[in-house]
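Biologist: I have a model open and I want to learn how to read it. Could we start with the way helices pack?

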Amino acid sequence: MEQYTLLILLMAATVRVATPLILAALAGLFSERSGVIALGLEGMMLGAAFAAATVSAVSGSAWLGLGAGVLAAMVLALLLAFACVTQRGNQVVAAMAVNIIVAGVAPVLALAWFDQGGQTPQLVDRAQRFTGIIWPWARQARSVPVPGLMYAELLSGHSLIVYLAAALVPLSAWVLYRTRFGLRLRAVGENPQAVDTAGVSVARLRYQAVLISGALCGVAGTYLSISASSGFVRDMTAGKGYLALAALIFGKWRPYPALGACLLFAFADALAARLQGVPLPVVGVIPVQFIIALPYVLTVLLLAGFVGKSTPPRAIGVPYEKGSV
Amino acid sequence: MSAKAGSRAAEWAEILVLPAANLLAALVISGIVVRIIGENPWTAFKLMLGGAFGSGEGIGYTLYYATNFIFTGLAVAVAYHAGLFNIGAEGQAYIGGLGAGLVCLSAGAAPFWAVLPAAMFAAAVFGAGWALIPAWLQARRGSHIVITTIMFNFIASALMTWLLVNVLIKPGQQSPETRQFEAGAWQPTAADILGRIGIHVTAGPLNFSFLIALAAAAGVWVLIWRTRWGYAIRVTGENPAAAVYAGISPAKVTFLVMLLSGALAGLLPLNELMGAQHRISLDFPAGAGFVGIAVALMGRNNPAGVCVAAVLFGALVQGGSELSFDMPHINRDMVVLIQGLVILFCGALENLFKEPLRGLLRSFRRAQPQP
Amino acid sequence: MEPALELRGIDKRFGSVHANRTVSLSVGAGTVHGIIGENGAGKSTLMNIVYGFQRADAGEVRVHGRGVDIRRPHDAIAAGIGMVHQHFMLVENFTVLENVVLGAEAGALLGPGLRRARAELERLGRDYGLEAPLDERVGQLPVGLQQRVEILKALYRGADILILDEPTAVLTPQEACQLFRMLARLREQGKTAILVTHKLREIMAIADRVTVMRQGAVVAEKATTETSPSELAERMVGRPVLLDVKKTPARPGAPLLEVTDLEVRDRRGSPRVKGVNFTVRSAEIVGIAGVAGNGQSELLEALSGITAPSRGRILLGGREPAGGARERRGQGLAHVPEDRLRMGVVASFSAEDNAILGYHDRPEYGWGPFLSRAAVRSGCSRKMSEWDVRPAEPGRRIGAFSGGNQQKLVLAREIDSRPRVLIVGQPTRGVDIGAIEFIHRRLVALRDEGVAILLISVELEEILGLSDRILVMAGGEICGEMDRSEATEERLGLMMAGIKGAGG
């Protein structure tokens, strides 16, 4: 019984850890499928985290925080789109630039506005955060072994954003494969000239894709600062944007496999956190730094070993020059 | 002016004017942010300038910071020529410090001229070693080097933290750093060197490694433009298909260039550890790896440009730290912001000013009397 | 009756290049109209303007008598103009249906739009003889079918005027015939077709009228019944043109390149060259004819050492070559690649840096690991003067040279090393007629010096003009071999289409 309980708790933790990854991976999906490299997920998430925490602290409302987070990320996305699509700049460089800009400007503003060494004030009020939503009869269900516990811990009790992320996966798949927009988006990532010749604006599609990815990162970042934590802390994304991208690549740029990869990452992370301080047979206690490093090592292994050579969208990373027929 | 001279002048204008325009744009936007947080940008700018160049000590500090940036800037620039974006200079510098630091810690009573080559060698090897796995993965598996090097930065941070806290820490102290190096592992400072010939300066931690950095820059220039291997690197970076046609192996070039890049970044501790801190401390690169990206882009991946851009950024950092005395709200993060803006304008938005500049030059030339 | 398409005074400049000089032309409804000209004549720019990829600086476009303002492809499509590009605008992962429907989906949700499109496409297929497998991925289809999809795309959008840009570049002569039959059928149905090409014989075969362009201006417009290929060629270039290269019969010597049972697989493991055998002797030009995509590129890459064959043997001068491209250069093999811009030169490098591509390890360019700029520059200058490359500026970016001059420099580079065997792919692609003559003469001269030359070209005229012996490659195999004296276009064409036993 102990095992089941542990497993369920672990799975619940996995879901919570996976949420920002899933949202960011979906963001990356839209961007990369349209041909724009999604290395800027990190910066957009961080920017959203800062904006959401700031507005939530100042206004007292988590919903306003969410709005601010999404808006901030979309502004950054606009900048990225401008650099990559309109200016036809190097997409890797543009994304790194955005990431570094946000990493610099957020603490500067936080310090100036809140004087707390680069953080935003702690969010104490329940209304300022997206806390867990308890489903009906969850408390009672907890005492029922296995299915009851699953209901109480795994399904119930997550923040709204977690459920939102879960719903966004099938929604994204639907948009990508069953709508006109999705068809055109996928086309523009494979052969932008074909789209251009068909009379559809390549630039407009890519802007839309990048803005969507901004919105999704906005939700992800908001989750990090006002749901999973209670405020913004310098560099709080800690590489999650890159992890999400790796998950997307591992999932071969498709929504459900990417979801699987995110869950895998999150599970490893949750498991490692669980094992912190716990002596294991043979190796003893794993140092905390190794646990911290685990997701990054896993990313490298993922990119190296088991992916083989997966094929990205054909036109990715190449700025589109009109009339190069 | 003749057509040929006109186009030559246009080339020079692009090399000089464009980076200046990009830097100006970055500074203007930073100025706006300074305004937003309630300070006066013009005052801030003057204070920065004064802090960086206003005194001998200020200049010394500026050049000392620039030394770090030359190493990382060269690392990024070299990789760029092969078409690679090395974001891992931060981690490679950190691990290079492990190598140099270990040599220095075991130096005992050895003299400087014996310790230096050993430390250089270890630093370069460790730095290259940290680039090895991402390099191999990119060359053999096509795993995106940007993501892998970023991951290795994080892993380096975790590894070094663990080492400094648990293994290398000086027994009995709280702060995670090693004991101080023996005198033989200390770089002679500018004050030392110039003092020997009778010139008295207070130049902060500026030290001999500055000259090593300049030599490295010269070496990189010769390598890229005057050697056969440098030619192979440039072909690979510009057109991998043409490289294959020419009998060059892009995988091999990728791998070796990344090792070289890692080695160059790995030399940073020659300045920071042997020249300034005299011990291995936590997070000593302090973001120099990322500044290196800005420096390389601003210097257009040319070693001479890298040196100039490194001095500029050194001035920013030195000026910035002076500034934070008078304006406590402006701290290190401000410099990070400026870095990011420079990368944005020099790297991603480089076409923004190119076209207007060209148009300007064209109308200027048309106004000139033709022969 | 109003012309289907009329251009009045179309003018366009790109900086200092005057691409279209007040071009006026008129295409009658229900006709097939040809537009011919060399590279750089301005025909592509003109069509880009008609289709909305570019905007003219001045001039007017009229469709069926009404002026139209075409700012982007959307407007052209609305005006009933459809374009079939030389390089297909298809998404390889998508099915035929998805490709046709892209941009004309009729609704935000795909489902109903796809169903409607399917019905319409089946009708079009029947009416015009343009059947295509709607649910197959376009990437898997043969080239002729892919082109058909392109045409269907245009017709699906209600195109009345069809512009075809170099449509037969990738087709066998038989597929080209099929295309012309389809064009004839379109013409019967009252549709108008504009054929942009440099293949004079095809214009004569299918077009009703032809417009000749040279250096951005229209220089002639005639009914095809009232002119001939040589007259058209002359108008294209501005002077009488030699369509045949004069050469003495070959006196071949020892075999210098021997290929036995060669198999080359692509990245996915499918064989692209399937057990090929041939020999090229000293002082001989062997031409391999064939439509692009039948294994010629893979053959070239295997011979030059870029790819390793999965089976078979290559002998250079009687010995197996040791190693890859670099070593083979050292053993006397030179390679002029098919796609000059993709792999033959580095576009952003100067001419002199390109002049040592592949030879940068040679001792004459420096000492030890170092390169001598002076040696590189003087080497380039010498090559430039020997091959009449203009302008003779070694420091100039290679992209600033014309296609013909670029190719001359590439040839100069490869031949400068005094190779014994020269393998060359598409030597005159993207090269103007004047340079073509020069290059052909030089190749013959090289042959006379004893070099064994393997020539691969999709231009039958070039093969027939230069080769002493001709091989035909189709589907990865050599399906015919004959002496030049026995070769005719028809015979070669049949072999290229894979009909074995039609020749030697």
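Modeller: Take helix 3 (residues 56-81) of chain B and helix 8 (residues 209-226) of chain B: their axes come within 9 Å and cross at roughly 20°. That makes helix 3 of chain B roughly parallel to helix 8 of chain B. This is a predicted model, where local features need pLDDT of at least 70, side-chain atom pairs count only at pLDDT 80 or more, and totals for chains, interfaces and linings use all residues. Residues are numbered from 1 along each chain as its sequence is written, while chains are lettered from A and ligands numbered from 1 in the order in which they are written.

Biologist: What do helix, axis and roughly parallel stand for here?

Modeller: Helices (H or I, at least four residues) and strands (E, at least two) are DSSP runs, numbered from the N terminus. Axes are lines fitted to C-alpha atoms, for helices over the stretch in contact, and angles run from 0 to 180 degrees between N-to-C directions. Under 35 degrees counts as roughly parallel, over 145 as roughly antiparallel, 65 to 115 as roughly perpendicular, and the rest as oblique.

Biologist: Which hand has the crossing of helix 3 and helix 8 of chain B, left or right?

Modeller: A crossing is left-handed if the near helix is turned anticlockwise from the far one by less than a right angle, and right-handed if clockwise. For helix 3 and helix 8 of chain B, the crossing is left-handed. Among the residues that meet are B:Leu63, B:Ile70 and B:Phe71 in helix 3 of chain B, and B:Phe210, B:Ala213 and B:Val220 in helix 8 of chain B. By class, this contact has 11 nonpolar, three polar and no charged residues.

Biologist: How are contacts and classes assigned?

Modeller: Two residues are in contact if their C-beta atoms, placed from the backbone, lie within 7 Å. Ala, Val, Leu, Ile, Met, Phe, Trp, Tyr, Cys and Pro count as nonpolar, Asp, Glu, Lys and Arg as charged, and the others, Gly among them, as polar.

Biologist: At what angle do helix 2 and helix 10 of chain A pack?

Modeller: Helix 2 (residues 41-59) and helix 10 (residues 202-228) of chain A pack at about 55°, with axes 7 Å apart. They are therefore oblique to each other. Their crossing is right-handed. The contact includes A:Met44 and A:Ala48 of helix 2 of chain A, and A:Gly214 and A:Cys217 of helix 10 of chain A. Its residues divide into 12 nonpolar, seven polar and no charged.

Biologist: How do I read chain B as a whole?

Modeller: Start with its elements: chain B has 16 helices and zero strands. Its radius of gyration is 22 Å, close to the 21 Å that the globule rule gives for 371 residues, so chain B is as compact as a globular protein of that length. That radius is taken over C-alpha atoms; the rule is 2.2 Å times the number of residues to the power 0.38. Buried residues make up 58% of chain B. Buried means 20 or more other C-beta atoms within 10 Å of the residue's own; exposed means 12 or fewer, and partly exposed lies in between, with C-beta atoms placed from the backbone.

Biologist: How many residues of chain B are in contact with chain A?

Modeller: 41 residues of chain B are in contact with 38 of chain A. Helix 5 (112-141) of chain B is one of the helices that each supply at least two residues to that side of chain B. The side has 25 nonpolar, 13 polar and three charged residues.
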